[in-house]
Amino acid sequence: MEEFHLLTYPDERLREVCAEVKKFGEEFWRKVDALLERVREWRGVGLAAPQVGWNARVFVANTTGKPEDSLVFVNPQIEKQRGRVVADEGCLCFPGLSAEIPRSAWIRASAIGRDGKPFALEAEGLLARCIQHETDHLDGILLIDRMRDVDRLALAPELREMERRRPRQRRRRRPSRPGPGAEGYFSVFSFESFSVSA
Ligand SMILES: [Zn+2]
């Protein structure tokens, strides 16, 4: 099993623009499966490769929690988008923090799936929000970049605290999956939590 550890803000690796995937070998798919494993373990709606320090244009999504509904997006593109909807949105990389984020209400996206084949889908509601959030991660764009100024100001103390605490957190997290004591904490806020769908 691939060792993947969650990065949290302000880890600078979250700001990198991820590279397009060109090699689809065994090792690549093993890492994709590890992402799927982690998003389940962390009870996420979505998880992008850069969130675990993997610089690749890959994310996984699951808006129902059922294993059969897991989606893998490799080299995703948002081809079309329509409408606008504001809803509360969280991110694994910002534990305990959420804000109202405007997103397109409807999107058409294409990507390469877990079977290695290209696919396209149309989505609205939670899945549309998730795909936009995760695609942002691949370009180094984070929740705080999408917040209204008023929310960013209101959350400034928490953000400063995260910036201050970072070195200690990184030590504590190694080797790092959420430990038993962190479980309750993670169950509330860990996931890319999108509490309202359009
Ligand atoms: Zn996120």
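Two residues are taken to be in contact if their C-beta atoms, placed from the backbone, lie within 7 Å. Residues 24 or more positions apart account for 69% of the contacts in the protein chain with a separation of 6 or more. The structure is a predicted model, in which local features need pLDDT of at least 70 and side-chain atom pairs count only at pLDDT 80 or more, whereas totals for chains, interfaces and linings use all residues. Residues are numbered from 1 along each chain as its sequence is written.

The predictor's confidence in each residue is given by pLDDT, on a scale from 0 to 100. The protein chain has a mean pLDDT of 87, and 83% of its residues reach 70 or more. Over residues 174–191, however, pLDDT stays under 50. Where pLDDT is low, the predicted coordinates should not be read in detail.Six helices and seven strands make up the secondary structure of the protein chain, where helices (H or I, at least four residues) and strands (E, at least two) are DSSP runs numbered from the N terminus. Along the sequence, these elements follow the pattern α-β-β-β-β-β-β-β-α-α-α-α-α.

Five strands form an open antiparallel sheet in the order 1-2-3-6-7; two strands pair if DSSP finds at least two bridges between them. Strand 1 and strand 7 (118–124) stand at the edges with a single partner strand each, so one side of each is left without a neighbour in the sheet. From one strand to the next, the twist averages 35°, with axes fitted as lines to C-alpha atoms, for helices over the stretch in contact, and angles running from 0 to 180 degrees between N-to-C directions. Strands 6 and 7 are joined by seven bridges, and isoleucine 107 has alanine 123 in strand 7 as its bridge partner. Helix 1 packs on the sheet, touching strands 1, 2 and 3, and its direction makes about 40° with that of strand 2. Helix 2 also packs on the sheet, where it touches strands 1, 2, 3, 6 and 7, and its direction makes about 155° with that of strand 2.

Of the 198 residues, 31% count as buried; a residue is buried if 20 or more other C-beta atoms lie within 10 Å of its own, exposed if 12 or fewer, and partly exposed in between.
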